[in-house]
Amino acid sequence: MAQGSKNHTVSNDNSNSNLHRNNSKSNDRISNAATNSLDNTEKQLEDIIEVDENTLSLAELEFIANDKKVHNCYKEKYKSHLYSNILMSLTHESFPENEAKALWYEIIDHMQKLNHTLGRYVGVSVASLDYLTNIKCTLIEPKIIEEDKINYVAQATTKDELTGLYLREVFNVVLKKELGEARRSNSMLCLLMIDIDDFKNVNDTYGHQKGDEVLSKIGDTINDSVREMDLAARYGGEELAIIMPNTTMKDAYQVGDRIRKKIENLTFCSFNVTVSIGLGAISKTANTTTKLIDIADMALYKAKENGKNQVVMGDE
Ligand SMILES: Nc1nc2c(ncn2[C@@H]2O[C@H](COP(=O)(O)OP(=O)(O)OP(=O)(O)O)[C@@H](O)[C@H]2O)c(=O)[nH]1
């Protein structure tokens, strides 16, 4: 999933289909999630992230069905899991590889017959549904889910609707995974913690709705500034975070400073806002999620103490 096209569950989805719930609900959800069922949610998200890494889109399935070269590329990529992944993507049911392979070729055969009989292209999903439900009777209660709807549901359950950034629960899971990956491959990993300066003043002076608008624009600015391999999340109320895999401290500092400047230049009617940013990096001692977050948080605290509107690099 995400990262230069590695995919954090649903992070390659750029659609804007946010749910519009009111902000108090959003805050409630964040705090409830933090206190109540965090472990459960994280477990579920971990599962989703694992499953999603193997899920193929309908467009990919069409290419595999119709282009031999693409088919061979996917065989190479997925090795002994290709056909079970295809069937899982089509039906949401798991099949042993051999059975899945046989079914896939039967579906293609059936699709060609349907195309011929109807005189038009019916596509892989219709052919598989017809074949597995009406002919083979393998599927009893098939689930038909449009890709847009899957994206919509995934987006609604993993992203904060006000900022468009990932939820804290997703952040926790991805940080753990990226840290493990960085340790295994001995690569760099940086974390930016971003906090809006004097945000209470904004709310008190211009109202909560204006404050929400600020958060929303800052979320857009961050989303526009990060690479696909990064993951930006709403860590808490007005605290945001960015996980940056394969990134040196120097590069992460530059990204952080660019974001800081962009935010400084946003205008909201008659006022501007600034942010303070703390930067933490993986090291021999900063080798757990807690330690990495602590370092970035301490650096953020220093940025506030030093006068705000700046990026501070954390010490080990
Ligand atoms: N409008 C709005 N405000 C929020 C949201 N979440 C948190 N806040 C507000 O963010 C403010 C944070 O205030 P403080 O923690 O005092 O920090 P601050 O005023 O930014 O001061 P410094 O961090 O020292 O710069 C509080 O007033 C919260 O109500 C939100 O979703 N929408």
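## Strands 4 and 5 and the sheet they belong to

In this predicted model, strand 4 (residues 275-281) and strand 5 pair in the parallel sense, with 3 bridges between them. One of the residues involved is Leu-279, whose bridge partner in strand 5 is Met-313. Helix 13 (residues 289-305) packs on the sheet, where it touches strand 1 (189-196), strand 3 (239-245), strand 4 and strand 5, and its direction makes about 145 degrees with that of strand 4.

The sheet as a whole is open and has 5 strands in the order 2-3-1-4-5, with mixed pairing. Its edges are formed by strand 2 (231-234) and strand 5 (311-313), each of which pairs on one side only. From one strand to the next, the twist averages 20 degrees.

## Strand 3 and its two neighbours

Strand 3 pairs with strand 1 in the antiparallel sense over 7 bridges, and Ile-194 has Leu-240 of strand 3 as its bridge partner. The pairing of strand 2 with strand 3 is antiparallel too, over 4 bridges; here the bridge partner of Ala-232 is Ile-242, in strand 3. Strand 2 and strand 3 form a hairpin, with 4 residues between them.

How many residues of strand 3 are buried? The strand is mostly covered, and 7 of its 7 residues are buried. Both of its faces are covered, with Glu-239, Ala-241, Ile-243 and Pro-245 buried on one side, and Leu-240, Ile-242 and Met-244 buried on the other.

## Aromatic pairs

A search of the whole structure finds 5 aromatic pairs. One of them joins Phe-171 and Tyr-235, whose ring centres are 5.3 Å apart and whose planes stand at 80 degrees, so the pair is edge-to-face. This pair links distant parts of the chain, since Phe-171 lies in helix 9 (residues 168-185) and Tyr-235 in the loop between strand 2 and strand 3, 64 residues apart. Phe-171 is buried, with a relative accessible area of 0%, and Tyr-235 is buried as well, with a relative accessible area of 11%.

Another pair is that of Phe-268 and Phe-271, with ring centres 5.5 Å apart and planes at 25 degrees, so the pair is stacked. Phe-268 is buried at a relative accessible area of 1%, and Phe-271 is buried at 7%. Ring pairs also bring in Tyr-206, which is linked with Phe-268 and Phe-271 into a cluster.

## Helix 7

Helix 7 (residues 124-135) has 12 residues, which at 1.5 Å a residue should span 16 Å; the C-alpha atoms at its ends are 15 Å apart, in agreement with that expectation. The expected value follows because the span is taken as 1.5 Å times one less than the number of residues.

The buried residues of this helix are Val-124, Ala-127, Ser-128, Tyr-131 and Leu-132. Viewed down the axis of helix 7, these buried residues fall within an arc of 110 degrees, so they line one face of the helix. The elements that cover them include helix 3 (58-66), helix 5 (82-91) and helix 6 (97-118). Just after helix 7 comes Cys-137, which takes a positive phi of about 55 degrees.

Helix 5 is mostly covered, with 9 of its 10 residues buried. The buried residues are Leu-82, Tyr-83, Ser-84, Asn-85, Ile-86, Leu-87, Ser-89, Leu-90 and Thr-91. Among the elements that cover them are helix 3, helix 4 (68-78), helix 6 and helix 7. The residue His-92, which follows helix 5, has a positive phi near 60 degrees.

Thr-55 is placed in the loop between helix 2 (38-52) and helix 3. Is Thr-55 buried or partly exposed? Thr-55 is partly exposed, with a relative accessible area of 36%. Leaving aside residues up to four places away in sequence, Thr-55 touches Glu-60 and Ser-89, and Ser-89 is among the buried residues of helix 5. The C-alpha atoms of Thr-55 and Met-88 are separated by 7.4 Å, although these two residues are 33 residues apart along the chain.

How values were computed:
Residues numbered from 1 in each chain as written. Predicted model: local features only at pLDDT ≥ 70, side-chain atom pairs only at ≥ 80, totals over all residues. Heavy atoms only, no water. Pairing = 2+ DSSP bridges. Axes fitted to C-alpha atoms, helices over the stretch in contact; angles between N-to-C directions. Contact = heavy atoms within 4.5 Å. Buried < 20%, exposed > 50% of the residue type's maximum accessible area, 1.4 Å probe, protein only. Arc of directions from axis to C-beta. Phe/Tyr/Trp six-rings, centres within 6.5 Å; stacked < 30°, edge-to-face > 60°.
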